[in-house]
Amino acid sequence: MDTNITIIGAGVVGLAIAAKLSETFPDVFVLEKHDNFGQETSSRNSEVIHSGIYYPADSLKASLCVEGNRMLYDYCIKKDVNHKKCGKLVVATDQPEEEILLKVFKQSKINGVLDGLLLTKDQALKLEPNIFCTAAIFYPSTGIVDSHGLMKRLESDAVINQATFAYNAEVVGIEKLEMGYLISVKEASGTYSFTANTVINAAGLASDEIAGLSGTFEPSYKLYFWKGSYFGVGNRKNKLIEHLVYPVPHENTTGLGVHATLDLNHGMKLGPDATFLENKKIDYTVPKTRQADFYQAARKFLPFLEEGDIHPDQAGIRPKLQKPGDPTSDFIIKDEHAKGMPGFINLIGIESPGLTSCLSIAKMVSRFSIFAK
Ligand SMILES: Cc1cc2nc3c(=O)[nH]c(=O)nc-3n(C[C@H](O)[C@H](O)[C@H](O)COP(=O)(O)OP(=O)(O)OC[C@H]3O[C@@H](n4cnc5c(N)ncnc54)[C@H](O)[C@@H]3O)c2cc1C
């Protein structure tokens, strides 16, 4: 075989898997179609280290997020990646929302997030004097991370372990051989093929297409794109909160509702919203026409905001396994040996909390039987 393990995609998940597997295995090869790592969803998100409070108890999202949260803080401390455990408030603004708040509190305990503190209005206002709420939950274990710094560190870990990266290299074909796989790659200079024992599909928004190229696609792998836009907060209003502030989630949410996130420079953003992209066209522009909607959503709990304080910022696209009206979906992380494709591993629908869970996802992949020594 030309390579032992080939990973398709150098987003945060592909990088974390490369760093983990290269600790044990030689010949780890990463293919990325852009000229650098993290050019898609991994650099277009809220950079929140989630606690794992909302997801259904028996889901991969819940277990990998709770484990990933701890692993990521440990990694950031050990590897000097910039981060901050700033904590998050989930706020109710009326009686019906207080009932939803209690459900969130119960679900988080079921998921093993034990640090949540149910707060009265007065207690919440002591933490965040400038917000409006009637009750809240405080989760100290939620934080923020420099996603670029994290990816840079993961890439270096993999390189130190002798993994090889090929950028500007797009996978265009995958063929099952008697032993292993033949992978075809398009580069500026032309197309070439090589063989691999094991292939890991961490191609994010294109992961269902890669499954299609390999013949492992099934209808439940179909991805739907949901755009999440953000508005930045200016006029020094970013100074008026110290924690992440989220509204309560509503049924079958495709996002967590427009919330207030901080970055490591204390910049503040509102968002992301969730807009279904029927045509799957990737477009990261944020239309100014959405400003009034963002303002209306956020002023419920950020009464100091005025519409002129906010301006269009970035957008990202969620690779969801869920179209409008569908129930909440889980991550797909699967070795496809049952389809006659041993050692072909699909990671599909890795939306939020994929950044938080990158290290626990890598650990899960490393425990598949194909890697048992
Ligand atoms: C708006 C938004 C907010 C979010 N907020 C958070 C958050 O606060 N916290 C959190 O935990 N998660 C968050 N997420 C989720 C998180 O960003 C993703 O789960 C994570 O970045 C997924 O990483 P990935 O490596 O799977 O995918 P990607 O970053 O998309 O990487 C996939 C890579 O595969 C490459 N690729 C695709 N096709 C090919 C091919 N044929 N050949 C070679 N390379 C290919 C792509 O170029 C890309 O670089 C958010 C997501 C969005 C959209």
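The legends below describe close-up views of a predicted model. Local features are reported at pLDDT of at least 70 and side-chain atom pairs at pLDDT 80 or more, while totals for chains, interfaces and linings use all residues. Residues are numbered from 1 along each chain as its sequence is written, and side-chain values use heavy atoms, with hydrogens and water left out.

**View 1. Packing of helix H2 on helix H5.** Helix H2 covers residues 60-79 and helix H5 covers residues 147-160; helices (H or I, at least four residues) and strands (E, at least two) are DSSP runs, numbered from the N terminus. Their axes come within 11 Å and cross at roughly 75°. Axes are lines fitted to C-alpha atoms, for helices over the stretch in contact, and angles run from 0 to 180 degrees between N-to-C directions. H2 is therefore roughly perpendicular to H5 (under 35 degrees is roughly parallel, over 145 roughly antiparallel, 65 to 115 roughly perpendicular, the rest oblique). Leu72, Tyr75 and Lys79 of H2 meet Leu150, Arg153, Leu154 and Asp157 of H5, contact being heavy atoms within 4.5 Å. The contact has four nonpolar, no polar and three charged residues. Here Ala, Val, Leu, Ile, Met, Phe, Trp, Tyr, Cys and Pro are nonpolar, Asp, Glu, Lys and Arg charged, and the others, Gly among them, polar.

View 2. Domain 1 consists of 3-44 + 148-221 + 328-371, and domain 2 of 88-140 + 224-320; the bounds come from an automatic or database domain assignment. Their C-alpha centres are 32 Å apart. Domain 1 gives 10 residues to the contact and domain 2 gives 12 residues. About 1,000 Å² is buried between the domains, with 52% from carbon and sulfur atoms; buried area is the accessible area (1.4 Å probe) that two parts lose on being put together, summed over both. On the domain 1 side, Arg44, Leu205 and Glu351 lose the most area, together 63% of what that side buries. Two salt bridges cross the interface.

**View 3. Two salt bridges.** A salt bridge is a side-chain nitrogen of Lys or Arg within 4 Å of a carboxyl oxygen of Asp or Glu, and the count comes to 17. Lys320 pairs with Glu351 at 2.6 Å, N to O. Lys300 pairs with Glu97 at 3.1 Å, N to O. Lys300 lies in the loop between helix H7 (291-299) and strand E18 (310-320) and Glu97 in helix H3 (residues 95-110), so this pair ties together parts 203 residues apart in sequence.

**View 4. Backbone geometry in three loops.** Most residues other than glycine have a negative phi, and most peptide bonds are trans. The bond from Gly271 to Pro272 is cis, with omega near -10°, and Pro272 is in the loop between strands E16 (268-271) and E17 (275-277). Ser352 and Pro353 are also joined by a cis peptide bond, with omega about 10°; Pro353 lies between strand E20 (344-348) and helix H8 (358-366). Asn235 has a positive phi, near 55°, in the loop between strands E13 (224-233) and E14 (244-247).
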